[in-house]
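User: I would like to go through this model in questions and answers. Please keep it plain.

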Amino acid sequence: MDINRKKFKNELTTGFGTSSNTGSGRFYRKDGSANVLRRGVPFFNRFSWFHTMLSMSPLRFWLSLTGVYVGVNLLFAVVYFLIGVEHLNGTLRGASKANQFIEAFFFSAQTYTTVGYGHVSPDGIAVSSVAAFESFLGVMTLALASGIFFGRFSMPRAFLRFSSVALIAPFKEGEALMFRMVPEKNNQLTDAEVKLTLALQIKEGNRERNEFYSLPVEFNRINTLVLNWTVVHPINEDSPLHGYTVRELAEMEAEILVFVKAYDEVFANSVVARTSYTADEIIPNARFRPMYHSSGQMTVLEVDKLNDFDLLPQHHAG
């Protein structure tokens, strides 16, 4: 197997270097983010918060936004409560401590959002100063939130969904590594390109290193991506995968790195998507099921069938 691998040129431009990544897992997570933890800088300096807010999932984004909103109002409610709710005109006199705190919380919410219903108003320099600062903070926060909303709404995204596994399937007179992708929204992608790289961890005595090899595909570019695209890498004598079993690939901690680039006609900009497949996510002797069919004058694309495949009889195995 070493002889077969030495036939191919080791890629040195992947950005991961050749030093072994023992125990660090995959290079790319399934969502396409790099599996890298930065240290040596303060925790909050490790992140670009603007990029973080733009790239996080919708659920995490809304939970973060709600958490900040509730947390800020709770903080100011405590301040108003400690100053004394008697300095808030319009609050119920003689109410319980819990009701007083609730009144302070909702006054804070009205001040923070600059709604100001007028039912409750500050009375005194201390509480008025706090309310003035909170309203200023609220205006700045709402402006920041508006910018983040616009950024999330307008940021070009590929909106590509990849199959959860890759297959080794019959192909022509031999077999091939296959996985597929599909646009999950109605965005128009053209001039789509794909690049595959095989990452291996090679052990020679006490020395370990990473090696990367390009995996040529049957079609590395298509004019338009409106249906599913099954990417095919023929496993023949010109393939770095030739002669290896899935178990041997697992022993070398093999990972298939996938890079996709396309042009979005609406955004008039290029979009990218990444993912990877480890040896544990490669199913031998299987074939994907069709994802689309005709219905009248239209083609129906069944996105939920992206991961559907059939195991083949053993005589199909290479």
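Analyst: A polar contact of 2.8 Å joins the side chain of aspartate 310 to that of arginine 289. A polar contact here is a pair of N or O atoms within 3.5 Å; within protein, one must be able to donate a hydrogen and the other to accept it, and residues adjacent in sequence count only if both atoms are side-chain atoms. This is a predicted model: local features need pLDDT of at least 70, side-chain atom pairs count only at pLDDT 80 or more, and totals for chains, interfaces and linings use all residues. Residues are numbered from 1 along each chain as its sequence is written, and side-chain values use heavy atoms, with hydrogens and water left out.

User: Is aspartate 310 buried, partly exposed or exposed?

Analyst: Buried means under 20% relative accessible area, exposed over 50%, and partly exposed in between (1.4 Å probe, protein chains only). Aspartate 310 has 34% relative accessibility, so it counts as partly exposed.

User: Which residues is aspartate 310 in contact with, leaving aside its neighbours within four places in sequence?

Analyst: Contact means heavy atoms within 4.5 Å. The C-alpha atoms of aspartate 310 and asparagine 285 are separated by 8.8 Å, and the two residues are 25 residues apart along the chain. With those neighbours left aside, the contacts of aspartate 310 are Asn285, Ala286, Arg287 and Arg289.

User: How many aromatic pairs are there?

Analyst: Rings of Phe, Tyr and Trp (its six-membered ring) pair if their centres lie within 6.5 Å; planes under 30 degrees apart count as stacked, over 60 as edge-to-face and the rest as tilted. By this rule the count of aromatic pairs is 13.

User: What kind of pair do phenylalanine 76 and phenylalanine 133 form, and which helices does it tie together?

Analyst: The pair is tilted, with 6.3 Å centre to centre and 40° between the planes. Helices (H or I, at least four residues) are DSSP runs, numbered from the N terminus.

User: How far apart are the end C-alpha atoms of residues 125-151?

Analyst: The unreviewed UniProt entry places the feature "transmembrane region" at residues 61-83 and 125-151; UniProt positions are given in the numbering used here, feature names are shortened, and annotations may be inferred rather than shown by experiment. Residues 125-151 are 100% helix and 0% strand, and their end C-alpha atoms lie apart by 39 Å.

Conventions: Helices (H or I, at least four residues) and strands (E, at least two) are DSSP runs, numbered from the N terminus.
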